[in-house]
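Open the model in your viewer and keep the selection tool at hand. The stops below go from one selection to the next.

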Amino acid sequence: VRVPACLPACLSVSARLLAARRRDAAAVPVSETRAGGGRATARRRMAAKVCMAAAAALAALAGAAQGQGASETVTVAVTIPVTVPLEVPAGKSFSEAAAEFAQRNGLTSETVPVLEKALTARWEEMSKDNLRRNQCFQWQLDHQVFPLKDWGTLPEAARIQWLQLECDSVVPAEPPAALVTLEVQVGDTKLYLRAFEGDTIRQSVERFCTAHGIDVSLYGQELITAVADRFAATQAQQQQQQQQQQQQQETERQLLFSLPVDIDGRLVRLRVHQGDDLDEIVRNFCAEFNLDLAEVGEPIRKAIIDTTEKLQEQLQDELRQQYAEQQAALKQAVETPEEPKLLLDIPINVDGREFALKLYDGDFVDTKINSFCEQHGLDKAVHGPLLLRHVAERTQALQAQQ
């Protein structure tokens with residue numbers, strides 16, 4: 001395939017656009033507008049900052065990419081004259097990928113440096129975007145920022161940088177919950193490394209190191225190992241909790257009956273609990289003992305239904321019997337009322353004659369004394385108060401004794 005003369009210019013477009021965008025950014029005015037927060041403050045003009053990494057850091061990244069490869073896939077489009085993607089997987093060097101691409105597509109060796117330069121420019125742009133995204137995400141986590149709604153606790157200076165970096169467009173709508181949180185002691189400060197759903201462990205470590213100025217080359221592998229161990233421990237704990245919950249649910253379910261099933265001369269028990277689904281029970285039982293569902297499923301299903309109907313009939317008979325016994329006991333209680341409990345048996349001497357004043361549970365003392373006086377021809381006005389005082393003394397003495 002003939003390589004057009006414009007190939008070097010085609011491959012360097014992205015690098016030139018990146019440089020032009022950096023130059024144009026210096027003239028952009030910064031204003032603070034936040035929906036829902038009710039804050040709109042005009043800000044002075046200021047030069048745009050690349051706050052995540054210095055130029056030296058980008059140069060180091062580019063040099064590492066040329067010699068050892070990037071940490072994620074890098075893709076550029078090459079026109080020869082049709083457009084063909086040049087994709088470099090993570091860990092592969094740009095020079096090796098460019099040479100293989102040139103050989104595969106019939107390009108001369110002079111195009112290899114041009115391809116390598118284009119890949120390097122693309123990697124620099126990707127690195128900048130990743131650093132910007134990581135910084136914005138770290139601000140959101142640390143200060144609970146809700147894009148376009150609430151600044152949270154983000155300081156004023158960081159809010160200006162947030163707007164310059166257009167963080168509202170790269171962070172989620174609300175701060176996510178971390179799958180793994182690792183406490184990291186840096187000097188006298190405690191920091192927290194968080195890994196989220198969709199992250200690789202390396203991405204979470206690089207984001208943490210970038211946000212807090214930690215050298216990834218020195219401490220990255222140690223942090224990756226620590227996060228991996230914590231993630232494995234968290235998964236094991238979650239699995240254990242799920243198993244415990246399942247066991248608890250199995251225990252709480254009431255066992256209705258167990259059905260004996262003969263499988264090749266071996267007797268096994270099919271247990272049916274309250275709330276079980278009939279078809280699901282049959283499927284699970286056949287799968288557990290490697291039985292043909294089409295062959296034995298219907299007989300097992302019929303056996304469960306028959307057993308359930310028999311148990312329902314037994315339960316109805318028991319309920320009818322219990323109801324009959326309760327009715328009989330109630331009828332006997334109505335026909336033969338229970339004799340009240342005797343509380344006091346007080347001997348009374350009237351003109352040499354001995355009588356007994358008996359007080360039962362539920363009696364009214366005044367009514368009882370009046371009836372006693374009428375029965376024995378006593379004057380209520382004279383003997384009533386004496387009997388009442390006597391009953392009170394006996395009651396007090398009995399209470400003290402008890």
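Start by selecting Trp 139, Trp 151 and Trp 162, which form one aromatic cluster. Rings of Phe, Tyr and Trp (for Trp, the six-membered ring) pair if their centres lie within 6.5 Å; planes under 30 degrees apart count as stacked, over 60 as edge-to-face and the rest as tilted. This is a predicted model, in which local features need pLDDT of at least 70, side-chain atom pairs count only at pLDDT 80 or more, and totals for chains, interfaces and linings use all residues. Residues are numbered from 1 along each chain as its sequence is written, and side-chain values use heavy atoms, with hydrogens and water left out.

**Aromatic pairs**

Searching the whole structure gives five aromatic pairs. For one of them, keep Trp 151 and Trp 162: the ring centres are 6.3 Å apart and the planes stand at 80 degrees, so this pair is edge-to-face. Trp 151 sits in the loop between helix 5 (111-143) and helix 6 (156-164), and Trp 162 in helix 6, so the pair ties together parts that are eleven residues apart in sequence. Helices (H or I, at least four residues) and strands (E, at least two) are DSSP runs, numbered from the N terminus. Trp 151 and Trp 162 are both buried, where buried means under 20% relative accessible area, exposed over 50% and partly exposed in between (1.4 Å probe, protein chains only).

Next select Phe 285 and Phe 289, a tilted aromatic pair with 4.9 Å centre to centre and 50 degrees between the planes. Phe 285 is buried at 5% relative accessibility, whereas Phe 289, at 22%, counts as partly exposed.

**The disulfide**

How many disulfides does the rule give? The count is one, taking a disulfide as a pair of cysteine sulfur atoms within 2.5 Å. Select Cys 136 and Cys 167, whose sulfur atoms are 1.9 Å apart. The torsion about their S-S bond is about -60 degrees, so the disulfide is left-handed. Cys 136 belongs to helix 5 and Cys 167 to the loop between helix 6 and strand 5 (180-186), so the pair ties together parts that are 31 residues apart in sequence. Cys 136 is buried, with a relative accessible area of 0%, and Cys 167 is buried at 0% relative accessibility.

**Helix 7**

Move on to residues 201-212, the twelve residues of helix 7. The expected span of a helix is 1.5 Å times one less than its number of residues. Gly 213 follows helix 7 and has a positive phi, near 65 degrees.

**The hairpin**

Now select strand 7 (residues 255-263) and strand 8 (residues 266-273), which pair in the antiparallel sense over eight bridges; two strands pair if DSSP finds at least two bridges between them. Asp 262 stands opposite Leu 267 in strand 8. The hairpin has two residues between the strands, and Asp 264 takes a positive phi near 55 degrees.

**Confidence**

Finally, colour by pLDDT, the predictor's confidence in each residue, from 0 to 100. The protein chain averages 76, and 79% of the residues score at least 70. Over residues 1-68 the pLDDT is below 50, and this stretch has 109 contacts in the model beyond near neighbours in sequence, a contact being heavy atoms within 4.5 Å.
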